[in-house]
Amino acid sequence: MIERKTENYRSGLEQLLGDASLAGNITSHYTEKAKSAGYVKLPADLHPALVSTLGKMGIKTLYRHQREALTHIGAGCNTLISTGVASGKSLCYQLPLLNQFLEFPDSRALLLFPTKALAQDQRESLENLLVGLPGEVRGGIGVYDGDLPTGRRAAVRNNAAFVFSNPDMLHLGILPHHTQWADFFRHLKFVVVDEVHIYRGIFGSHFANVLRRLKRIARFYGSDPLFVTTSATLSGGAGFVKKLFETNFVLVSDDAASHGEKHFLIYNPPLVNRELGIRRPAWEETLRLASRLYAAGGQTLIFAHTRKAVELLVSRLQSRLGSKEEIVGYRSGYLAGERREIEQKLRSGAIRIVVATNALELGIDIGGMDTVIINGYPGSITSTRQQSGRAGRKGAPAMTLFVASADLMDQYLVKHPDYLNRRNPESALINPDNPYILYNHLQCAAFEKAFDRNEDFGTLPAAAVADYFELLENVGKVHRSSAQIHWSAADYPAGEVSLRTATADQFILQTEDSVIGAVDRESAFWFTHPGAIYLHNGDPFLVVELNLAENRVFLIPTELTYITQAASESAFELREIFQQTDFAGGTNSFGELRVETKVTGFRKLKWPGLELLGREDLDLPPADLITHGCWFTLSAELVAQQKSAELWRNDPNEYGPDWPRLAAGIRRRDAHTCTNCRRTENGQVFHVHHKIPFRAFSSPQQANRPENLTTLCPACHRLAERQVYLQSGLGGLSYLLGRLAPLLLMCSGSDLRVLGDPQCPLAEDRPAVVFYDSAAGGIGLSEKLYSILGGLLSRGREIVAVCGCKSGCPACVGPVAVNGEGAKVQVLQMLDYLTAERAREGSVG
């Protein structure tokens, strides 16, 4: 197996490096030499039956870190195993669990995995280890997840010694029904949490509260389980898991496993317009590279950011290489049976190329890929390393190609490759006491078991718990007795709480013949709105109805001639300012805000080519978010300086007092007809458009000459504005800082939102740049950004100053329209002013 992998990997690497048209785009080639393993003897206290079973599997020694983990777990220590991908972490917890069971057959263990697929995969791994052990051990494994038929659930509850599940099922199906699990909880000795680095942000904050509930129920039945966690990519792991589990852990991190030679190459697509900073699209280069690797005979795993990107790549690869059977997609939204079939075919080698979201980032056994292609920065170092680790597993050589997009984050990494190769992965950030999350989980906990009046909830003291229950009592959810607080509502609170999204709503994707998948509520508005093109395993569907009452999306098959891209608008309302600092360049603030976001329409983009074909409006309900934000305003002095240099483009256009009469005259001149598409007004008032942008003139009189004006319908007006666009300095500054902030905060780009507003209601209608946590209640990102704003501005100035484009590009202040003008000069002048003032004052924030 390894010989075949070596041959394919070398063939692919040699083809890449031997082709000048490809090799010239490689900006960094990091090589990690192969490493031999460090072995030690099996521990003397390992049960003889286990020693015999391991011997039959050819295992007579352990890696040093495996032996160290066994020692700590055997001594009763909560243990974090943080070693590399494919380093045998599973055996670190499997052996102690089996050893305990062989000594004490009544022992029980709960094993939690972030996905159902990973739980199924690890169940098979443990079953392979059980061959040769007594029958009662072999029969003691059960998977308890949403795919398990109702009629088989009692058998798992009553008989399984080792229950494989996931946080969602623990939250929804186990803890609320703990009386049915009484014997299991009474004898619970171990809780294993695999891939613990996943539990950050909103998901991790929810999971921390699920763990509080789990420990509370375990105490009720008299058990105090040991916790064992694993991760291949976790920085500051012991501190993070202590906050997640609210208890101390011993860290095992000295990786003694062997691995093959590893190559990590950064591939930057060539420039096609140096002045505008436009590069060949990353997806086109990914197609090109994947086709070469396909010809080399190996297996390739391609990671893409979104479900739509996965489906578009699958469709193009299938068309280019002429194979639907050997090229497939893999993402959330596929049915469980589809995913299991894909995993099996990957292991057998029947599938040659799989394009996936981060759903394949985790340790599901799909065999060892010859090559991994990462199509654009996935948003974190942790994800990058997890994805790269899927290549060359089981000791084979590995090659990863990181194909950079033109986006600022990707281009920053091209220029600073050590950020990926040598920097520690992000420290995971969670906030278990987020009030919105806590409020929901206290309801779940009260439903599961009455609270004593002086009872803490994890590390949250009883006095704080009492404040929440006072709110719940006021709305009729709980009632108080002399000693306890009881759940009194008729509803089932866990069913209303999603651990992974803002709501628990799931929308079923329904065609005429079958159900093809599901999406959450937020995704439904973005990806399955009426008129959207939805792709499933390369097949295009047109959304004909989004039924909000029934949580259903109805789709019909269609031809893929265009794709759709949703657009939204956001409005802010200030609720409270927590901290504020003035400086000469403006004001830096941190506080709580309300954000209303509404999907307002969508664009149709020709496929392939992405030429804008048109835009359609939508009327969907808005989504409200109460969260934390950081915003800085621009001082009057800075705005005055920009205006005096004729650089300020953020004020609304003042067309002059005679504009209504003049515009009406132009519409009459053009016979109330769009001069582009020839549609007539028919009761609708069309727009009057400046052929040369209004801001390009020094006076309204010059801009408003009749020969510079034409009548356009709203759709054609938007098309015209897109082609001739004078970017504002505030827009360019927001683009720059919004893409740079996640790198400095070491978070995913989706965790933080940014918007530039020339009349911001948070800043008394002054110009401001607003950042806010995308999670309700916030998880600490905006607060941290408030404290490092000076560093963010300085780093941003450095990026703009050294960028080789003329007036703006995707790698600095944003792309420039074909006939438009960018804001590079404006943004650089703003940052010169802001960073100079901060330097003089010793940097505020």
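I started with the lining of the largest cavity: by class it has four nonpolar, no polar and two charged residues (Ala, Val, Leu, Ile, Met, Phe, Trp, Tyr, Cys and Pro count as nonpolar, Asp, Glu, Lys and Arg as charged, the others, Gly among them, as polar). This is a predicted model, where local features need pLDDT of at least 70, side-chain atom pairs count only at pLDDT 80 or more, and totals for chains, interfaces and linings use all residues. Residues are numbered from 1 along each chain as its sequence is written, and side-chain values use heavy atoms, without hydrogens and water.

I listed the lining residues next: Arg307, Lys308, Phe527, Ile533, Tyr534 and Leu535. A cavity here is a set of points on a 1 Å grid over the protein atoms alone where a 1.4 Å probe fits but cannot get out, and lining residues have an atom within 4 Å of a point. Strand E24 gives the largest share, three residues (strands are DSSP runs of at least two residues, helices of at least four).

I then looked at helices H3 (residues 48-56) and H5 (residues 89-103), which pack at about 135° with axes 9 Å apart; axes are lines fitted to C-alpha atoms, over the stretch in contact, and angles run from 0 to 180 degrees between N-to-C directions. H3 and H5 are therefore oblique to each other (under 35 degrees is roughly parallel, over 145 roughly antiparallel, 65 to 115 roughly perpendicular, the rest oblique). Ala49, Leu50 and Leu54 of H3 meet Leu95, Leu98, Asn99 and Leu102 of H5, contact meaning heavy atoms within 4.5 Å. I noted six nonpolar, one polar and no charged residues there.

Methods:
1 Å grid on protein atoms, 1.4 Å probe; cavity = no way out; pocket = protein on both sides within 12 Å on 5 of 7 lines; lining within 4 Å.
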